[in-house]
Amino acid sequence: MAIGTKVSLMFYSFLKAFLIPVLTPTFRPRVKGLRNVPATGAVIIAANHNAFIDSVFIPLVLQRRVTYLAKSEYFTSPGIKGLLMRIFFTAIGQVPIDRSGGRRSEAALQTGLDLLHQGNALGIYPEGTRSPDGRLYKGRTGVARLALESGAPVVPVALFNTDKIQPTGKMIPKLESVGIIFGEPMYFSGDSSDLKLQRQITDQIMQTIQKMGNFEYVDIYASEAKKTQANQEEN
């Protein structure tokens with residue numbers, strides 16, 4: 001095991017040991033379906049995404065480490081603040097990627113596959129970005145490609161109240177109870193280059209999350225909804 005990996009695991013273990021006694025009584029997580037998450041081996045944890053703090057609560061309630069692919073800006077900010085951000089994001093199991101699209105998206109996908117081939121639990125938000133209004137949006141097909149190319153099961157997750165705990169633009173969380181439901185593992189097989197299959201699998205995952213949380217579903221990408229919202233606010 002590389003020294004960097006050992007340091008990362010130490011930070012992760014230390015931070016989790018510190019956060020559990022603080023966050024558990026504060027936000028009173030209501031959790032169902034923990035037994036659906038494999039204790040070992042590759043697994044994709046696919047959840048709806050309403051707030052940054054989602055990436056804290058899911059690892060908080062699981063026994064095993066969850067690694068997320070985070071935008072590289074979190075790791076490249078200068079100064080003391082940037083250093084603290086790098087330490088924090090590394091500690092909570094996030095790996096920097098460039099999410100600007102094109103070949104960089106392929107590199108991000110490969111990073112996810114590498115993590116799965118190493119037997120890790122990979123956290124992913126199929127919507128691609130946070131929901132602007134708490135509704136569930138159309139999923140990006142990367143989750144399907146990861147499942148097909150790695151053979152790892154997908155555990156769908158429904159998160160509740162995180163948008164109320166940490167509304168967009170707010171750093172200090174509100175004291176609300178968070179709910180988390182882990183669904184039964186979903187297994188997929190087939191040609192990972194089949195675009196129709198990728199869409200079918202992604203839609204199946206999103207439909208499962210929608211039913212688990214009884215969320216209102218919107219059949220457009222969250223990024224498109226954000227652009228529309230921004231244009232309306234400008235006008």
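Helices (H or I, at least four residues) and strands (E, at least two) are DSSP runs, numbered from the N terminus. This is a predicted model, in which local features need pLDDT of at least 70 and side-chain atom pairs count only at pLDDT 80 or more, while totals for chains, interfaces and linings use all residues. Residues are numbered from 1 along each chain as its sequence is written, and side-chain values use heavy atoms, with hydrogens and water left out.

**Exercise 1. The whole chain**

Describe the protein chain by its helices and strands, its buried share and its contacts.

Step 1: Start with the elements; the protein chain has nine helices and nine strands.

Step 2: Turn to burial, where buried means under 20% relative accessible area, exposed over 50%, and partly exposed in between (1.4 Å probe, protein chains only). Of the 235 residues of the protein chain, 42% count as buried.

Step 3: Now take contacts, meaning heavy atoms within 4.5 Å. Among those in the protein chain between residues at least 6 apart in sequence, 78% join residues at least 24 apart.

**Exercise 2. A helix and a strand inside**

Find out how helix H2 is placed and what covers the faces of strand S5.

Step 1: Go to residues 54-61, which make up helix H2. Eight of its eight residues are buried, so H2 is largely enclosed by the rest of the structure. Among them are Phe57, Ile58 and Leu60.

Step 2: Look for a pairing partner; two strands pair if DSSP finds at least two bridges between them. Strand S2 (residues 43-47) runs parallel to S5, joined to it by four bridges. In one of these, Ala46 has Ile124 of S5 as its bridge partner.

**Exercise 3. Aromatic pairs**

Classify the two aromatic pairs of the structure.

Step 1: Learn the rule: rings of Phe, Tyr and Trp (its six-membered ring) pair if their centres lie within 6.5 Å; planes under 30 degrees apart count as stacked, over 60 as edge-to-face and the rest as tilted. The structure holds two such pairs.

Step 2: Tyr68 and Tyr125 are stacked, at 5.6 Å centre to centre with 15° between the planes. This pair links distant parts of the chain, 57 residues apart: Tyr68 in strand S3 (residues 66-71) and Tyr125 in the loop between S5 and strand S6 (136-137). Tyr68 counts as buried at 3% relative accessibility, and Tyr125 is buried with a relative accessible area of 14%.

Step 3: Phe160 and Phe215 are tilted, at 5.5 Å centre to centre with 35° between the planes. Phe160 in strand S7 and Phe215 in the loop between H8 and S9 are 55 residues apart. Phe160 is partly exposed at 21%, whereas Phe215 counts as buried at 12% relative accessibility.

**Exercise 4. A loop residue**

Is Asn214 buried or exposed?

Step 1: Locate Asn214 in the loop between helix H8 (195-213) and strand S9 (217-218).

Step 2: Check the backbone; phi of Asn214 is near 55°, a positive value in a residue other than glycine.

Step 3: Read the accessibility: at 68%, Asn214 counts as exposed.
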